[in-house]
Amino acid sequence: MTHARLTTARLGELSAAVAVPTYDRTAVTPGIVHLGVGGFHRAHQARYVDDLLASGIRDWGIVGVGLMPQDVRMRDALAAQDHLYTLVERAPDGGVRGRVIGSIIDYLFAPDSPADVLRLLTDPRIRIVSLTITEGGYHVNQATGGFDASDPAIQEDLRPGAVPSTAFGYVVEALARRRAAGVAPFTVMSCDNIAGNGEVARAMLSAFASLRDPALGDWIASEVAFPSSMVDRITPATTDADVEEVGWRFGIGDAWPVVSEPFSQWVLEDHFPQGRPPFELAGVEMVPDVEPYELMKLRLLNASHQALCYLGYLSGYRYAHEVCTDPLFVDFLLGYMSQEGAPTLPQVPGVDLPGYQRELIARFANPYIRDTLARLCAESSDRIPKWLVPVISAQLASGGSVRRSALVVASWARYAEGVDEQGSPIDIVDRRRADVTARAIAQREDPLAFLRDPDLFGDLVDSPEFTEPYAEALASLHAVGARKTLESWSRSAGTSSASSGKT
């Protein structure tokens, strides 16, 4: 059955089963530009801003900007719907709640008109530029921690007089123009899964700018605000089945709805010199120091996603909820969190860490989210170095256990060979696919070949405390497979305090 496309004119016709914006969207003016509009942004930040617009705020509408060729699809989907879309929240008990989000008031595809994007970014009404450009979008050299300018697109954006094509190119050019015009700089708000994402954004953007103009780089480093944040909401990729469900369940023809779990958290450093929306009214936790919350999320939630995805895929599972209803995997994940991840964390104000760990398992096990392991396995070169390697380094420095982490890295190395345990091909999605796959294939002759990449692992290959359990894990994965390896790992690790405490 075909349903009429979601538009402003149709909002009054929709079923009471779906919430719709009750505010006048024509009265909303732009205050935020968001680079990298994907499912997570639409399920998270845009939903918080929608709450604020519903409360009477009018000057903080979002204008989305797409930079990548694949963003043409988002441009077309949103433009045909007056930039409205449906957010579907699926609870573990099967409950479904639908809501139409109206906080994105426009969307620009940068390659269509770079001049329009720069005009928008230099508009004094724009006081925040927020980012979800993925962990790799910050161009951090994992070995040195400095800026990696080797990307050809970055090199092109550094050419004198170049028309920007990257997020860095647009942000720095816009800040340069605002500086020249005497317009106060916007605040850059990173919402990516990187520890100290605000400071990373400051360091990398100012380093990029310095390659173009050292004085501009110094000005950005000293005058532009970069608050850090922790963002959390499991948001799987939208499927054709999701689109169909929005049609039959809510009577909405939506080309690109977004699906998420009910849980949502946003912890944000309160540093916005040019003003900000009253985020706290929408449930955002405004704090002076985000770091404890960031590290908790990255090292427990995000690292646990990596701990389950490769082993789960190799064991024959394809969804996160399948893995997290298997007691063998649950014990392994809780053991990693309590014995390796949690010991590296500072005190997290107001958080019961054992309770948080058990809550993560319950969230992962939500069967209605259907988060694919393939999604969690993607872009591992940007994830493992930022989420798990810091845990390993901290544990080695303190003399703590790294046995479970070694198995996780070994399972990535085995997965990266590109063939599963039944001989079927695995589609490796990684910006460094060629190099990662080559090292994975070489490990049949050299068991530590995968670790011999300082851009990913630093000097871990020189640490016997890590390489010994890693080599043992990799050999076992090759000899007996993922599940039997996990069984032997569980026996050797013993019953963790976390697993023995779960009910």
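This is a predicted model: local features need pLDDT of at least 70, side-chain atom pairs count only at pLDDT 80 or more; totals for chains, interfaces and linings use all residues.

Colleague: Is Arg370 buried or exposed, or partly exposed?

Modeller: Under 20% relative accessible area would be buried and over 50% exposed. Arg370 has a relative accessible area of 43%, so the term for Arg370 is partly exposed.

Colleague: What is the phi of Arg370?

Modeller: Most residues other than glycine have a negative phi. Arg370 is not a glycine, yet its phi is positive, at about 55°.

Colleague: And His83, is that residue buried or exposed?

Modeller: His83 sits in the loop between α3 (72-79) and β4 (85-90), and its phi is also a positive value, near 65°. The cut-off for buried is under 20% relative accessible area. His83 has 12% relative accessibility, so His83 counts as buried.

Colleague: How do helix α10 and helix α15 pack, at what angle?

Modeller: Find α10 at residues 291-314 and α15 at residues 380-387. Their axes are 10 Å apart, and the angle is about 130°. That makes α10 oblique to α15.

Colleague: Which residues of α15 meet α10?

Modeller: From the α10 side come Leu298, Arg299, Asn302, Ala303, Gln306 and Tyr310. By class, the contact has 5 nonpolar, 3 polar and 2 charged residues. The α15 residues that meet α10 are Ser380, Arg383, Ile384 and Trp387.

Note on methods. Residues are numbered from 1 along each chain as its sequence is written. Side-chain values use heavy atoms; hydrogens and water are left out. Axes are lines fitted to C-alpha atoms, for helices over the stretch in contact, and angles run from 0 to 180 degrees between N-to-C directions. Helices (H or I, at least four residues) and strands (E, at least two) are DSSP runs, numbered from the N terminus. Angles under 35 degrees count as roughly parallel, over 145 as roughly antiparallel, 65 to 115 as roughly perpendicular and the rest as oblique. Contact means heavy atoms within 4.5 Å. Ala, Val, Leu, Ile, Met, Phe, Trp, Tyr, Cys and Pro count as nonpolar, Asp, Glu, Lys and Arg as charged, and the others, Gly among them, as polar. Buried means under 20% relative accessible area, exposed over 50%, partly exposed in between (1.4 Å probe, protein chains only).
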